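This briefing is intended for a reader who is meeting the structure for the first time. Please keep the sequence and the model in view while reading.

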Amino acid sequence: MLKRVLSALLLIPVTLAVVLLSPPAYYLAALGIVGSLCLNEYFQIMQSMGIRGQPWLGYAGFWILLIGFQSGRFPTTVLGAGLFVAAFLAAMWRRDAMRDRVLGLMVNLLGVCYLALCLYAAFAVRYAFGAKFGLEWTLILLAVIWAGDTAAFIAGKSFGRTPFAPRLSPKKTNEGALGGLLAGLLVAVLLRHYFFADLPLRHVIATSLLVGIFGQLGDLAESMLKRAAEVKESSNLIPGHGGLLDRIDSLLFAFPAMYFYLQLMYS
């Protein structure tokens with residue numbers, strides 16, 4: 001527990017500093033570094049399942065999509081089609097058994113899309129709606145996820161009785177999930193009241209619930225991968241927490257959900 005707290009005390013200020021101070025290019029670079037580390041853990045998980053991907057293709061595809069989305073120089077359909085063609089060509093070039101080539105192809109595409117699409121949404125939330133509003137929405141999202149994770153853990157330990165998703169994550173309970181959702185909502189409303197009064201309250205409530213729900217689904221999605229690979233953590237990179245993918249799995253689903261909502265709200 002002490003390692004977990006100490007790691008959080010180090011990581012939270014670093015994350016906030018990046019969100020608060022980074023200009024767009026540096027923010028995108030930070031997301032790229034985080035995504036690359038997570039991609040490495042993802043390929044390790046797949047390796048544990050006996051499926052060998054092509055990490056070089058994964059890293060190249062991830063960075064090309066991330067930079068391509070941000071630059072807007074090429075249509076999204078062109079970037080997506082290019083990724084699929086490259087993945088097929090790389091699979092055809094391999095000398096493994098045909099089944100291994102196809103499984104590796106699917107692993108490559110899933111990894112690149114999983115991290116590039118979800119992490120680009122974090123960039124879009126931060127900068128696509130103006131620097132000021134983007135900062136406020138990003139901070140609300142982080143607060144909802146962090147408060148939700150902590151409250152879900154405490155509520156689950158204290159009151160957890162009913163399994164939430166026993167096959168995907170046996171330790172999670174309905175009581176913990178509800179506690180996390182309510183804590184995220186409370187923190188979002190308090191942040192809006194004291195710091196971000198210019199944000200509409202009804203949208204803050206709606207996004208906090210949306211982010212809380214999709215954050216928990218993101219956590220379950222990564223748990224599914226680890227359970228299939230029969231590993232407990234994605235790596236040992238962060239003392240007390242496991243891997244970086246373990247730390248941001250909730251964010252990977254929460255950012256696209258908020259981005260989609262903000263697109264509707266500001267359109």
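The points below cover salt bridges, a surface patch, a pair of helices and a pair of residues.

The model described here is predicted. It holds seven salt bridges, and three of these are described below. A nonpolar patch on the surface is formed by M1, L2, V5, L6, L9, F153 and I154. Helices α6 and α8 have axes that come within 9 Å of each other.

**Salt bridges around D96**

- Side chains of opposite charge can pair when their charged atoms come close.
- D96 forms a salt bridge with R52, and the closest N and O atoms of this pair are 2.6 Å apart.
- This pair links distant parts of the chain, as D96 and R52 are 44 residues apart. D96 is in the loop between α4 (76-93) and α5 (98-127), whereas R52 is in the loop between α2 (24-48) and α3 (55-71).
- The side chain of D96 also meets that of R94 in a salt bridge, with an N to O distance of 2.8 Å.
- R52 counts as partly exposed because its relative accessibility is 43%.
- R94 has a relative accessibility of 8%, so R94 counts as buried, the limit being under 20%.

**The salt bridge between K172 and D219**

- The side chains of K172 and D219 meet in a salt bridge, at 2.8 Å from N to O.
- This pair also links distant parts of the chain: K172 lies in strand β2 (residues 169-173) and D219 in helix α8, 47 residues apart.
- K172 is partly exposed, with a relative accessible area of 27%, whereas D219 counts as buried at 16% relative accessibility.
- Returning to the residues around D96, salt bridges that share partners join R52, R94 and D96 into one network.

**The nonpolar surface patch**

- Together, M1, L2, V5, L6, L9, F153 and I154 have about 750 Å² of accessible area in the patch.
- The elements that give two or more residues to the patch are α1 (2-21) and α6 (131-159).
- Helix α1 gives the most to the patch, with four residues.
- L9, one of the patch residues, lies in helix α1.
- L9 has a relative accessibility of 58% and so counts as exposed, the class for values over 50%.

**Helices α6 and α8**

- Two packed helices are described by the angle between their axes and the distance between the axes.
- The axes of α6 and α8 (residues 201-229) come within 9 Å and cross at roughly 50°.
- The crossing in which α6 passes α8 is right-handed.

- P24 is placed in helix α2.
- With a relative accessible area of 36%, P24 is partly exposed.
- From C-alpha to C-alpha, P24 and A155 are 37 Å apart in space, and they are 131 residues apart in sequence.

Notes. Residues numbered from 1 in each chain as written. Predicted model: local features only at pLDDT ≥ 70, side-chain atom pairs only at ≥ 80, totals over all residues. Heavy atoms only, no water. Patch = residues over 30% accessible without salt bridge, like charges linked within 9 Å, V, L, I, M, F, W, Y side chains within 5 Å. Areas by Shrake-Rupley, 256 points an atom, 1.4 Å probe, with all protein chains shown as cover. Salt bridge = Lys/Arg side-chain N within 4 Å of Asp/Glu carboxyl O. Buried < 20%, exposed > 50% of the residue type's maximum accessible area, 1.4 Å probe, protein only. Axes fitted to C-alpha atoms, helices over the stretch in contact; angles between N-to-C directions. Left-handed = near helix turned anticlockwise from the far one by under 90°.
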